[in-house]
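Look at the structure first.

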Number of protein chains: 2
Amino acid sequence: MPAELPLADAAAVAERCDAARNRQALLQAAAELIAAHGPDALTMDALAGAAGVGKGTVFRRFGSRSGLLLALVDRDEHLEQQAFMFGPPPLGPGVPATERLAAFGAARIDFVLRHGSVLRAAESAPVQRFRNRARAVHHAHVANLLRESGAPGDRVLLTDSLLATLDSALLMHQHEDRGYDRDRLVAAWTTLVRAVTAAPPPPVPRGR
Amino acid sequence: MPAELPLADAAAVAERCDAARNRQALLQAAAELIAAHGPDALTMDALAGAAGVGKGTVFRRFGSRSGLLLALVDRDEHLEQQAFMFGPPPLGPGVPATERLAAFGAARIDFVLRHGSVLRAAESAPVQRFRNRARAVHHAHVANLLRESGAPGDRVLLTDSLLATLDSALLMHQHEDRGYDRDRLVAAWTTLVRAVTAAPPPPVPRGR
């Protein structure tokens, strides 16, 4: 039986629970604002008004409008990470690396097409595109699969090239501005993965 | 012997010449400001002060700070386009398409490493990355070379993937944040080009 919490800690725990509940309530209100009026209508002011809290509270929870928008897709981002790291194949382990790479790209394309307008509204300065935690997880995952597949060449830079193909602004441009549908995007990704993972022809055996 | 220009037209021509001269003088002053203090120091105000003109003149000539920064690399961009369209091989015509693709990427990598800080300062909103004239020229050029090389798959989307590898913010991140040198970037590009242009194995002849 766990020791009783000292009073100060119990208060701290209650406070953390309150904070988490408030955060969830704010995210729920933000999702409803976006569903009703689109991501451009989601400002810190509008959210404070809709949730009946002060604007300072919204800033304390999310830091910035960009932080708030990313918090909205964070749960899905986390579920997707669980799926490609630990879930069933072909996204998770159990099939050849080339198949997992193909499935990873298809999952990212679906993610971006589902959350594209929020991702686009949240996108920050150019250099920041390459300095976020989700991208670091994707980079490690793709680099591992490339190594496992035996892809030739500089796999670190090849990983950057593959991730650049899955960049959300690029996918949104292809889908919305140029009208390419999801299946065409997935097919092109799959062709690219096959091309870069094709092992070099085995060396000609000598002396036989 | 050409007919004498009517007075009104002569005045108009003189005015256009003045405008071109003023533009050149402003670009020269901007280049000097950047050389002395870096691209962040180049504001419309600072340029007006350095060139001894009103701020309104600077805005009329370039539209925005981003427009001014892009005007600075425009001449080099134009020279590079001439080189890959009409210049000597391997950048220009006269060698196999795969070699020209490799040379195109090397030239872009050099361009970005030379002008990176200006390109980065000029970069606009995410969607705008895919809607500028220089990118359209690059897209047409790479798509043509892919077709000529017989690259399999969806060449339009493959072109997007190749250009994404040459994105200036990505190259700057690789070079400055991660310290990869020019030769490593060029080698990775070349490997990628070889992988995606590799023709599929010829069909096995039947009945022989």
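Q: How many salt bridges does the rule find across the interface of chain B and chain A?
A: The rule finds four. A salt bridge is a side-chain nitrogen of Lys or Arg within 4 Å of a carboxyl oxygen of Asp or Glu. The model is predicted, so local features need pLDDT of at least 70, side-chain atom pairs count only at pLDDT 80 or more, and totals for chains, interfaces and linings use all residues. Residues are numbered from 1 along each chain as its sequence is written, chains are lettered from A and ligands numbered from 1 in the order written, and side-chain values use heavy atoms, with hydrogens and water left out.

Q: What makes B:Asp160 and A:Arg178 a salt bridge?
A: Their side chains meet at 2.7 Å, N to O. The cut-off is 4 Å, so the pair counts.

Q: Which elements give two or more residues to the side of chain B that touches chain A?
A: They are helices H6 (133-149), H7 (155-165), H8 (168-177) and H9 (182-197) of chain B. Helices are DSSP runs of H or I, at least four residues, numbered from the N terminus.

Q: How many residues of chain B are in contact with chain A?
A: 34 residues of chain B are in contact with 34 residues of chain A. Contact means heavy atoms within 4.5 Å.

Q: What area do chain B and chain A bury between them?
A: About 2,700 Å², with 61% of it on carbon and sulfur atoms. Buried area is the accessible area (1.4 Å probe) that two parts lose on being put together, summed over both.

Q: Why does the pair A:Glu80 and A:Arg108 tie together parts that are apart in sequence?
A: The two form a salt bridge, their closest N and O atoms being 2.9 Å apart. A:Glu80 lies in helix H4 (residues 65-86) of chain A and A:Arg108 in helix H5 (residues 97-122) of chain A, so the pair ties together parts 28 residues apart in sequence.

Q: Where in H5(B) is the kink centred?
A: On B:His115, with a kink of about 75°. The bend is the angle between axes fitted to the seven residues ending there and the seven starting there.

Q: What is the peptide bond from B:Pro89 to B:Pro90, cis or trans?
A: Cis, with omega near 10°. B:Pro90 lies in the loop between helix H4 (65-86) and H5 of chain B.
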